[in-house]
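Here is a short briefing on one protein model. Look over the sequence and the structure first, then read the points below.

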Amino acid sequence: MERARFAHQVAEKRRLIKQYKMERERQQKLEEEEEIKRLRKELIPKAQLMPYFDRPFIPRRMSCNDMSGPTRLQHLPSSVEKAEALYQQRGQLKEEQLMKKIQKLVGEEEKLRMPIAQGLPWTTDEPKCLIKPPVKKNTIPIDLKLHSDIRAVERARFAHQVAEKGRLIKQYKMERERQQKLEEEEEIKRLRKELIPKAQLMPYFDRPFVPRRSEKQPTVPREPKFCIPRHKTIKCCRMSCNDMSGPSQLQHLPSSVEKAEALYKNRILQ
């Protein structure tokens, strides 16, 4: 309640101030109009009185009695008189400026009232039609593009894309579930067909199955061939040549193939 009362007081105060300003402006306007009317009346020329030619004006000469006494001393102006003279001079300048301004306004009004006569043509020929200036096209107003409207359009487009994407995902899920359901039904049908009992063939009791030993030859292993670099092969050849050329020759050692063959033969014989 206090806040509302304070706001009402502030609004009432502002309204009174505004009303006072409007009244003061109206008074000033009325005063200016009265001043302009008065000055216009003063500008009206008036007839001057003719002088009296039968009674001419003769200035009177001052006598010595008039010049005697303290009047002979020159009167020195005081500060108050100086200020009054300054005020009068300033007022006269302002009046002169105002009169000049009013005369200028009156002259402009009279010029506007006077019609301007058109000049006569220099020849008696028919006047030529002047070329009309190019007509400008009408201004086409441009609609305002607010940022909020642009954002609303983009948001609507985005919402439509999201809704379309959700619809496609939902449709894809439904299609996948339908395919899975069909596959399950096919699998159930296949299993049901397989579960049907069928008659099994009886064995031949007069011809029983006796396993026989295979007649194929056993697999002979081969010695692996490792890739030996060239420089090592040359070195090995040199060493073998030196060993063979010497008086003491090494005994021939059986290779891995010979060992495997001997072991296989011993097993067969056993």
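Glu 12 is partly exposed, at a relative accessible area of 30%. Here buried means under 20% relative accessible area, exposed means over 50%, and partly exposed lies in between, with a 1.4 Å probe and protein chains only. This is a predicted model, in which local features need pLDDT of at least 70, side-chain atom pairs count only at pLDDT 80 or more, and totals for chains, interfaces and linings use all residues. Residues are numbered from 1 along each chain as its sequence is written, and side-chain values use heavy atoms, with hydrogens and water left out.

**Overall build**
- The protein chain has six helices and zero strands. Helices (H or I, at least four residues) and strands (E, at least two) are DSSP runs, numbered from the N terminus.
- From the N terminus on, the order of elements is α-α-α-α-α-α.
- The protein chain has 270 residues, and 1% of them count as buried.
- Its accessible surface comes to about 30,500 Å², and carbon and sulfur atoms hold 59% of that. Such areas come from the Shrake-Rupley method with a 1.4 Å probe; for residues, only the protein chains shown count as cover.

- The structure holds eight salt bridges. A salt bridge here is a side-chain nitrogen of Lys or Arg within 4 Å of a carboxyl oxygen of Asp or Glu.
- One of them pairs Glu 12 with Arg 15, whose closest N and O atoms are 2.3 Å apart.
- Both residues sit in helix H1 (residues 2-43), three residues apart, or about one turn of the helix.
- Arg 15 is partly exposed, at 43% relative accessibility.

- Arg 151 and Glu 154 form a salt bridge, at 3.7 Å from N to O.
- This pair lies in helix H4 (residues 147-194), three residues apart, about one turn of the helix.
- Arg 151 is partly exposed at 48% relative accessibility, and Glu 154 is partly exposed at 38%.
- Arg 178 and Glu 175 form another salt bridge, with their closest N and O atoms 2.4 Å apart.
- Arg 178 and Glu 175 are three residues apart in helix H4, so about one helical turn separates them.
- Arg 178 counts as partly exposed at 43% relative accessibility, as does Glu 175 at 36%.

**Negative surface patch**
- Glu 31, Glu 32, Glu 33 and Glu 34 form a negative surface patch.
- Patches are made of residues with over 30% relative accessible area and no salt bridge; like charges are joined within 9 Å, and nonpolar side chains (Val, Leu, Ile, Met, Phe, Trp, Tyr) within 5 Å.
- Lys and Arg count as positive and Asp and Glu as negative, while His and the chain ends are not counted. Each charge is placed at NZ of Lys, CZ of Arg, CG of Asp or CD of Glu.
- Glu 34 lies in helix H1. At 52% relative accessibility, Glu 34 is exposed.
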